[in-house]
Amino acid sequence: MFSRFEEIIANRHEHARQLGREKNKKIFGYLCSYVPEEIIYAAGGIPIRILTTEESPALSETLMQSYYCTFSRCLLHQGLNGDLDYMDGLVTAYSCATMRLAFDNMQRSVKFPYSRFLYMPGIIDTPDAKEFYYKELQRFLRDMEDFFGRSITDDDLREAIGVYDENRSLIKRIFEGRKASPPNISGREAYLLTLSSMLTDKADHNKMLRELIDELEGRKPLPEGASRVMLVGSPVDNLKLLDLIEKDIGAWVVGDDTCTGTRYVYGNVAPSDDLEDDPLRAIVERYMIRRAPCPAKHSQTRWVQCLPCPFRDVACFDLVPQPRNSLDDSISFHSPERICRFRNALQLGINHHVEGVIAVQQKFCDSHGFDFHHVTQAFQHVGIPSLFLEIDNVISVGQIKTRIQAFIEMLHPVDYMIEPEIREGIQV
Amino acid sequence: MITAGIDIGSMTANVVIMSFDNGEDKGTIMSDAIIPTGADSAGTAQKVIDKALKRTDLEFDDIEYIISTGYGRVIVPFADKNITEISCHAKGAHWVFSSARTVVDMGGQDCKVVTCDDTGKVTSFVMNDKCAAGAGRSMEVMARLVGVPLESVGELSHQFVDKPADITSTCVLFARSEVMELLRNGVNKKDILAGACEALVSRVISLMGRSQMEKDLIISGGIAKNSGITKRIEKRLNLEAKIPPEPQIIGALGAAVFAKDTFLKVKG
Amino acid sequence: MKLKKNYSPPLKCWGFLKEVNDAYDKRIADSIEAGKPVIAATAMAPQQLINAFDVVYIAGEWYGSICGFHRDNKLVETAESCGFPHELCSYARMTLGSMITRTGFLGKYPVPTAVIGTEGYCNVQAKWFEAMARYDNVPFFVIDNVPVQQDFQKNWGEESVKDTVEFVERQIENCIDFLEWSTGQKLNEENFIETTINMHRNEDLWDDLLALWGNKPSPVTIRNLFTFENLIISLPCTSDASRVLEAAIEEIRERIEKGVVAVENEEIRLLWQAQPGWYLLNVLKFFESQGAAFVASPYLAIWGTKYRYDCCEPGTPDWFREWKDPTNIAECVRQVAIGSVATEIRPRLDAAIRVNEQLAIDSQADGGVWHAVRGCKGVSYGGLGELEAIRNDLGLPGFVLEGSPSDSRDFSEGPALRQIKVFIEQVKRMKKKRKIKQAKAAKRASMKSD
């Protein structure tokens, strides 16, 4: 059922290369989920995200010091290694200094026919910031028109938005089933969907998703897992981590707050008042306000709106430790205009009946590293314990397995211990 | 019922065989055995359990349930289940001292601090298994460098002549070169050992700082026999630490107790 | 390491500097006690604006470096034990540790009235202060400097910079509202004009100081410059700082005239990149003991304007580069915004490489040392690329020294000193070779003309 999604991820460069050839379209690589892919798609290109492989980023060592995260150095390594030769363009949006360095180095050392760094502001919710980014994207649009040698109309944008929104909606629809006990798909399968979406033409992916939705109807329910956990943190793209948690230890990953997972599909462009007159503005709105923010982005206006809140920006409700089962499924939070990162993660955790949070941090990741303390506190306030897990592009099985297993044992003392048959039965 | 716990660590493997009259019975230790792990973990597992059985008049088949723990827990072919050493150390320490709430275990190549509640259930844990500097291995390296047997490190470290040498490197490899330089400059061996102990204790303390520490504090693992470490931990925390009579078997002990609980649940 | 005493006599203006620094420290202590609003902010925040209010400004970088100088490692250990990983910026961990334990060299670390971070130069400066604000649950404001690639040659280059400057201006105006609300004070126009003009003057004086430092032979050591740096980070908007800098510049000019040199045997001249390890400044002295003088630093040059404007993109428009004394708040805001945006040049790879090369040429350097400051993404941005460029384009050797700005646990003295010795020998050898080559070439040229 999921093998066609697996194939895309396993042979991503070959797949993208063929895609460009078959459809006679230009392939644009991008580094960060903040890139407004719809614009590239509307121009006639196919945006493909560059993700890590297990290869050691040896070629990046002369250009990026060892204390820049392995994630970014792997991306640079692929560029220097010639793995991205088939790509016609390289784009990224500003999110953190490390990714920026990886991009700058790629731009200098690897000759892409087109490369562009988008100045996305770090402030994402003031009218000035939105206006600034709107002008920046207008310039990008003009660049795309120059590069592709055609004009990009509002209709083109609307069409691209339609395809992308559908992709997000289809994945979200499948993800709804993860709230159930047991979930309808495993965490690994969920990541297969989001990762493969980043690595192929969205229109094709939509077709695959619609087929999958039909196939899932008749699927046998998954076995009960040892626990229900959620991943929160840095980009996770090594599926071995999910294998470890789900196959080896037997806990289901029923949700996540990572940019390679749920955050990628959170928030659509439509419906929007701007869609009719100015679809570019609707795109700005989605990428700045509607999508779940990365910790690298900030609010400038929080100080006024959130002043009455006793736990400003950690959770937007009155924080008295509450037993988990007193909170109901469809909890609605006070909502400022911007989606608050913690609110989003907490909402997902509660709605998906998560028992433990695994806070994943790519070693050396600053944005998530500074947040970890408050992520733990936020979840503690709703009675969900967290485990801090440092990861790299290669999963060091022994150390990580001990920590996760000990965490699950902590969540479920003897109960966890007695289900060896069930763990063996998990065939995903 | 007879149960067994087997702890395959990086340096040593040990087994505890316990007997329980019934579910509520605290149980008694029938025998235990420790052997070096060596390269063949699976073979070692068989050897060590045979060694423990020889000290009783039991046969292997008399054991109703076996739980394995430790670094090599997945390779024990005859274990019914495996549980991490984190849960097992909490359980084992609690079995010895029912007042145990914080357990510091320092093995060959890792160090962990586990807090538990009054039933021995884990409430939090932190581990440092990425670096030998905070583990027993570094003590071995120091003892060898300075040229004294490992068992005497503790006592000698308390007899420092001038003051504990200042060993600043966090990495045991760099610390090694630092110590060689100190020896060349004629610094007294006891001062160096004192410094090495201080450095190791600092790392443990900073690891402990990350968990909510409560007394009673238990120190287990091979390092618990090193008074140079245990006394310094007590001094730094201003807390008395309780040391089990056989600190190295705590993990296997906890596993044997878990084996009883699990067996009863499985039986129905 | 055992080192000889300083070769050159101490500067006379040290007394003056100490007076000014002590007065500053006392002002801070008194103000905290008097209950003045405390603003914890990054040193890259618009200092002109914050200092125009009657507040206690605790600059995070200044604070973190002094904690490092005191080797206050308990603070970083506390921060780590609260869940802030070891790999984060050492200044951040020091400040957070101070905040959590409420101790530090200032005595009790006060609960800030407000916290201001910046985004753009280094996103950590936003996250760090965000973590502080969340921890103490106080209002927080971020100014986004937007790391604009100032490609004035591209067709949208100037437009993009103009939009950025306007965006930053709007944010600074918001910041004025924020500060007025959080401190309860009204922004005084005269104060703002004064701080803005003072800062610009100090930036120019700083450039002069650096230029004198780069004289051949060098009249002052890099350690002297780091002592002066404290002034420009904590007191850049004061006329006190100007007076100290003017006195220092005059005295150093005299030294040059009299032929006073800082390093006894200045055999080689080196570039130093990034902060020093504040906990062991003697490492710099060690270089001097081996005949190597540091004569320029791209990191120190950030506080001036010469290597911001002069070295920046070809085609830089005048409105971006020119200075006019402001006469009202709006003009102040504009100058501050332009200053903030221009500083972004450094973290851009091409610009950083250009600045490095220009500095190496201007100061007649024979090599460079890149201090790989663990956890500091902003200052080490592109360091390895700069090293490679200097090696390939100018034929000068470079050396990477692993360390940390204020966490002494990340530095291993023994191996580092050994590596430094080897590097210095290498630079001396290469310099000799270059000289022989140049002499031969000159001889050939003169023979040809005969």
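At what angle do the axes of helix α6 and helix α13 of chain A cross? In this predicted model, the axes of α6 (residues 127–148) and α13 (residues 279–290) of chain A come within 10 Å and cross at roughly 125°.

**Helix pair α6(A) and α13(A)**

- The crossing in which α6(A) passes α13(A) is right-handed.
- On the α6(A) side, the contact is made by A:Ala129, A:Lys130, A:Glu131, A:Tyr133, A:Tyr134, A:Leu137, A:Gln138 and A:Leu141.
- On the α13(A) side, A:Leu280, A:Arg281, A:Val284, A:Glu285, A:Met288 and A:Ile289 take part.
- The residues of this contact comprise nine nonpolar, four charged and one polar.

**The sheet of chain A**

- An open sheet in chain A is formed by four strands in the order β2-β1-β3-β4, with parallel pairing.
- The edge positions belong to β2 (45–49) and β4 (114–118) of chain A; each has a single partner strand, so one side of each lacks a neighbour in the sheet.
- From one strand to the next, the twist averages 25°.

**Strand pairing and the packed helix**

- Strands β1 (residues 26–30) and β3 (residues 89–93) of chain A pair in the parallel sense over three bridges.
- A:Gly29 lies opposite A:Leu90 of β3(A).
- Helix α5 (residues 97–109) of chain A packs on the sheet and touches β3 and β4 of chain A.
- The direction of α5 makes about 155° with that of β4(A).

Note on methods. Residues are numbered from 1 along each chain as its sequence is written. Chains are lettered from A and ligands numbered from 1 in the order in which they are written. This is a predicted model: local features need pLDDT of at least 70, side-chain atom pairs count only at pLDDT 80 or more; totals for chains, interfaces and linings use all residues. Side-chain values use heavy atoms; hydrogens and water are left out. Axes are lines fitted to C-alpha atoms, for helices over the stretch in contact, and angles run from 0 to 180 degrees between N-to-C directions. Helices (H or I, at least four residues) and strands (E, at least two) are DSSP runs, numbered from the N terminus. A crossing is left-handed if the near helix is turned anticlockwise from the far one by less than a right angle, and right-handed if clockwise. Contact means heavy atoms within 4.5 Å. Ala, Val, Leu, Ile, Met, Phe, Trp, Tyr, Cys and Pro count as nonpolar, Asp, Glu, Lys and Arg as charged, and the others, Gly among them, as polar. Two strands pair if DSSP finds at least two bridges between them.
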